[in-house]
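Good morning, colleagues. Please turn to the structure that is now being shown, and I shall take you through several of its features in turn.

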Amino acid sequence: MDGSVQLDRVFFHARNRPSVSRPSHLLLQCALVLILSSSPLCICTQAQAPTGVPQQGPQQGMSGGVNTGGNFAPVLDAQKRPITAGGFVDHGTPIFIDIAEKAGLSKWSHHDGTREKEFILETPGSGVGLIDYDNDGWLDIYLVNATTYDALSGKAEAPHAALFRNNHDGTFTDVAAKAGVTNDRWGFGVAIADYDNDGWPDMYVTNMGGNRLYHNNHDGTFTDVAEKAGVTVGGWSTGATWGDYDGDGRLDLFVPGYVHFDKNQPPTPGSSATLARNFCQFRGAPVMCGPRGLEGEHDHLFHNNGDGAFTDVSEKAGVADKAGYYGLSSVFIDLNNDGKPDLVVADDSTPNYVYLNKGDGSFEDASYASGYALNENGRETASMGIALGDYQNNGRIDLFNTTFSDDYDVLYHNDGDANFTDVSYAAGVAEPTVPFLGWGDAFMDYDNDGWKDLFIANGHVYPSVDKNDWGTTFAERPLLFRNLEGKRFELQPAVTGTGLAVVRPARGAAVGDLFNDGKLDVIINNIDSPPTLLRNVNPDHHHWVELKLVGAKGPRDAVGATAYLTCGGMRQRGDVYSGGSYASSSDQRVHFGIADSGKVDVLEIHWPDATVEKVQLPGVDRVFTVEEGKGVTGHAPAAKTK
């Protein structure tokens, strides 16, 4: 049977199947694996057993270094441009505008190896973090930078990371050098949290060849204590996350590993670092090698000892990734509503992980049983970023993974008790995403109507796509899907001259209220380019509430807390977490859009130490500080600019 026909049939049956129970869901996945494994267009692993940790060796017997869903026909707009850099409309309501230059961010640029992207090290780009590092009530921006080969050899100055201090007037000033956080290594991700409970946010920056733990000195500067703390790791680390997995009141650190890369013996076709030449091709064209065909790095869980040091408990806790999958992003979040943070890991071209917290210092690998390891076609995906949120307002956390081009981004609906169903096609987010290569993503209520919408930053990894008729481009535009009351999502048009029509090679993305005006903005770190700052200018006049939560018995920054807000007959859930997206950290203040409601009926906070409190808010349209056991203790300054 022709591979493309076979693949289409599998897509048809999988898209239109009803929801199934966990056992039959697994049987469907296994059956699809057998069908798809004979298709020359589908790139699947041979290790897709439904029980236990899959065998290592996803590289054996296959072609292509990256997992895709097949070779799809180009999608072009009316001007014959690939839809990834086209499809604009001339008229429509602006939702975002790019103010990076006006805000002073465009003076800084990301630099990553060479423009040709000969090696995989040069392609994933870097993340971004939103952090109020000086505790002035305004979010600042940390942009991770990579580096160049000349810088590694000492022939050139290393590119610096940027810490943009918020000037409260719509502009930002880079203070990275003064703050001591330029990194000057091959940087990838940043995870923000107050790991020592001193009331000041710290930063963990992941690199190739040694990570940094920047401790906040409370005076506008940071000190790298990674070596002293025992969390440098080495090798290639990516999107880390903080969470108090054992409930001792201190934040622990999980660090996924990606590819084992030796810069002195880089992977080239036919080299000892690459299993076969066909792992260095895409659609038959030569590209950089990997990740398939390369050795993976293991993951690490560091227990916070409370004395400034950490202990690696990866093996003991059961999250070491013995299979050596290619981890890109991770996040601690409570998936089954038992009050304990579980762990989600997005893996590139290998199965994803879901680890359920057992409450005894260890985790159960429920990756396959949960339905999150593979998509509904029984295929692993090249997962890049993780968005999480309760998009149906039913009290359960759903997950959304961005993936490679020629594949659809996956929406995993939480059916309860951490059982997930791929509803991507039914929800309307699958087909439009196939030509795009997604990275940073987030559920965000951009119009404050009480329903979490979905944002996706996109950009390809192969510069050669611009020279081939594949229907995709290296620089791509972002996507925004509006949530239609939890039933499905509607793609918003890219209006010419607005933020949704900005075409850049995007990577990490973080979401937050940068101007304290109640509207969620997006900051994007673009590879080899200045950043994009999408200011939310949506013309709605809906009300909103934001909460800066301060813990007492648990983590001081309340990472792991869940807030339930009820008003206007709607009950919403918001969580405090660190990490997620692609190697990025978003605003940790919990945001609720409340449409036309002028007051909040009930605010219930589930603190990380299992304390449950009901808090009365004195109004709306403000950022309130809520301290555990004390209620509302303050509010952030109001916006000065529009």
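Predicted model: local features only at pLDDT ≥ 70, side-chain atom pairs only at ≥ 80, totals over all residues.

**The disulfide and its surroundings**

The torsion about the S-S bond of Cys-280 and Cys-289 is about 105°, so the disulfide is right-handed. The sulfur atoms of Cys-280 and Cys-289 lie 2.0 Å apart, and the cut-off for a disulfide is 2.5 Å. By that rule the count comes to one disulfide. For those new to the term, a disulfide is a covalent bond between the sulfur atoms of two cysteines.

Are these two cysteines buried or exposed? The cut-off for buried is a relative accessible area under 20%. Cys-280 has a relative accessible area of 3%, so Cys-280 is buried. Cys-289 has 2% relative accessibility and therefore counts as buried. A further cysteine, Cys-567, is also buried, because its relative accessibility is 4%.

Let me turn next to a sheet. Four strands form an open sheet in the order E7-E8-E9-E10, and their pairing is antiparallel. Which strands lie at the edges? They are strand E7, residues 186–193, and strand E10, residues 222–224, each of which pairs on one side only. From one strand to the next, the twist averages 25°. Within this sheet, E7 pairs with strand E8, residues 202–208, in the antiparallel sense over seven bridges. Val-190 is found opposite Val-205, the latter being in E8.

With a relative accessibility of 11%, Asp-528 counts as buried. Which residues does Asp-528 touch, leaving aside those up to four places away in sequence? The contacts are Ser-109, His-110, His-111, Asp-112, Thr-114, Arg-115 and Lys-117.

The largest cavity holds about 400 Å³ of space. It is lined by 29 residues, and those closest to its centre are Phe-443, Asp-575, Tyr-577, Asp-587 and Arg-589. Several strands give two or more residues to that lining, namely E21 (386–389), E25 (438–444), E30 (506–512), E35 (570–575) and E36 (590–595).

Thank you for your attention.

Technical notes:
Residues numbered from 1 in each chain as written. Heavy atoms only, no water. Buried < 20%, exposed > 50% of the residue type's maximum accessible area, 1.4 Å probe, protein only. Pairing = 2+ DSSP bridges. Axes fitted to C-alpha atoms, helices over the stretch in contact; angles between N-to-C directions. Contact = heavy atoms within 4.5 Å. 1 Å grid on protein atoms, 1.4 Å probe; cavity = no way out; pocket = protein on both sides within 12 Å on 5 of 7 lines; lining within 4 Å. Points joined across faces, edges and corners; volume = space filled by probe spheres on them.
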